[in-house]
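I looked up each point in turn.

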Amino acid sequence: MVDDRPGDVGGVRVVVAPDKFKGTLSGPAAAAAMAVGVRAVLPDAVVDEIPLADGGEGTVEAILATGATEHRLTVPGPLGDPVEAQFAMLGTTAVIESAQACGLQLISPTPRTSLRASSAGVGALIRAAWDAGATSVAIGLGGVACTDGGTGLVAELGARFVDADGEVVGPGELDRVVSVDLTGLDPRVTSTSFVAATDVTNPLLGPTGAAAVYGPQKGAGPDEVALLDQGLATVANVVESAVDGEPLRERPGAGAAGGLGWGLMALLGAEVRPGGDLVMDLIGLPDALKQADLVLTGEGKLDAQSRYGKGPVALAELAATHGLPTIAVAGMVDPEGREGTGFAAVWSLVEEVGGEAALHETAASLTEVTAGAVRHWREQR
Ligand SMILES: O=C(O)[C@H](O)CO
């Protein structure tokens with residue numbers, strides 16, 4: 001929630017923009033807890049609560065916190081069973097989270113599920129977004145159960161991936177694909193601009209690709225990893241020769257969300273952006289920073305992973321371009337989450353109040369540590 005008062009009331013304007021504290025606080029709840037801490041020390045400050053996300057879980061929630069319209073529907077889950085999913089409409093832009101339709105959290109991963117899981121539900125969300133009037137669709141990638149290169153999604157929109165006998169081929173057997181028929185593709189694809197918000201920079205194939213790096217967390221053993229990688233390579237060869245475009249398999253982010261990054265680029269013409277940057281634009285952070293004096297952010301854990309395109313680090317980089325200091329308050333902080341991340345100061349709940357309170361009284365702890373961080377900042381000014 002952005003405070004409507006002008007920034008000069010009480011002298012200080014603070015942007016409070018945390019990501020979720022996974023497992024304990026949503027982004028909006030974390031922002032509310034931090035804002036209480038800020039007001040305890042700076043009672044006259046104007047405080048803008050703008051929860052962050054990085055394109056993964058919590059992205060739709062962060063967009064909804066800006067006043068976007070929520071849409072809920074049932075879509076095919078990763079293994080075809082129905083799952084409830086939501087998307088947000090911000091004007092004519094729809095924001096979708098792939099993990100809501102085909103997330104790893106929706107199943108118990110096994111070698112079999114690693115082969116069978118499909119991104120079809122993301123296609124169903126795109127269709128619903130069109131029906132709601134979307135002309136641009138932003139898709140948050142990451143945390144999915146499938147490694148199907150987006151074939152399930154595109155098939156849901158009318159494409160057909162077929163084998164030598166003309167039979168339709170699904171996930172787990174993509175190495176049999178010999179051609180792709182795009183004649184049935186929903187015509188709204190061509191009038192829509194797609195953006196894929198990626199959580200990682202991996203290419204599609206090979207030892208640093210979607211199957212090798214993220215297959216094991218989805219239940220794949222070495223045999224499944226090899227089969228999935230082979231399937232993705234086959235589809236990439238077929239599609240890239242059929243659509244006669246530039247090979248996209250090496251592009252950073254092609255391997256995000258089981259190759260959904262590649263599928264969105266190659267088949268739907270999507271632009272790929274780091275998730276943190278895209279979400280910051282959508283929630284209006286660049287404008288909010290123009291009037292701010294201080295930025296506060298946070299998330300459950302700051303570590304080496306926080307560096308790529310992730311909310312708080314991306315925010316600190318953006319704030320620095322406005323000459324603003326960013327203070328991070330995280331549940332836990334690894335040394336890599338401190339060094340070279342661009343924060344003016346980093347505070348850890350576990351270090352300040354202990355592990356028990358950090359885990360079981362996260363909101364109160366976050367308020368207390370935020371107040372301490374702001375007091376320290378005020379004394380240093
Ligand atoms: O979903 C996945 O495959 C990983 O989060 C990488 O994007």
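Entry 1: I first asked: how far from an oxygen atom of the ligand does a backbone N or O atom of Val 144 lie? I found a distance of 2.9 Å. I note here that the model is a predicted one.

An N or O atom in the side chain of Lys 218 is 2.7 Å from an oxygen atom of the ligand. For Gly 258, a backbone N or O atom lies 3.4 Å from a ligand oxygen. On its own the ligand has 230 Å² of accessible area, and the protein covers 96% of that area.

I also recorded the surroundings of the ligand. They include Gly 142, Gly 143 and Val 144, as well as Asp 199, Val 200 and Tyr 214. Lys 218, Ala 256, Ala 257 and Gly 258 complete the list.

Entry 2: the largest pocket. I read its volume as about 940 Å³. The lining comprises 31 residues, and those closest to the centre of the pocket are Lys 22, Asp 54, Asp 199, Gln 305 and Lys 310.

Entry 3: I counted 13 lining residues, with Gly 300, Gly 331, Met 332, Ala 358 and Leu 359 nearest the centre. Helix H14 (349–353) and helix H15 (355–360) each supply at least two residues of this lining. Which of the helices gives the most? The answer is H15, with 3 residues. The lining divides into 6 nonpolar, 5 polar and 2 charged residues.

Entry 4: the cavities. I found 3 cavities of 30 Å³ or more in the structure. The largest cavity holds about 60 Å³ of space. Its lining includes Leu 115, Thr 147, Asp 148 and the run Pro 171, Gly 172, Glu 173, Leu 174 and Asp 175. Leu 227, Leu 228, Gly 231 and Leu 232 also belong to the lining. Helix H8 (residues 222–242) gives the most to this lining, with 4 residues. I recorded 6 nonpolar, 3 polar and 3 charged residues around the largest cavity.

Conventions: Residues are numbered from 1 along each chain as its sequence is written. This is a predicted model: local features need pLDDT of at least 70, side-chain atom pairs count only at pLDDT 80 or more; totals for chains, interfaces and linings use all residues. Side-chain values use heavy atoms; hydrogens and water are left out. On a 1 Å grid over the protein atoms alone, a cavity is a set of points where a 1.4 Å probe fits but cannot get out, and a pocket is an open set with protein on both sides within 12 Å along at least five of seven lines; lining residues have an atom within 4 Å of a point. Grid points are joined across faces, edges and corners, and a volume is the space filled by probe spheres set on the points. Ala, Val, Leu, Ile, Met, Phe, Trp, Tyr, Cys and Pro count as nonpolar, Asp, Glu, Lys and Arg as charged, and the others, Gly among them, as polar. A residue is near a molecule or strand if one of its heavy atoms lies within 4 Å of it. A polar contact is a pair of N or O atoms within 3.5 Å; within protein, one must be able to donate a hydrogen and the other to accept it, and residues adjacent in sequence count only if both atoms are side-chain atoms. Accessible areas come from the Shrake-Rupley method with a 1.4 Å probe; for residues, only the protein chains shown count as cover.
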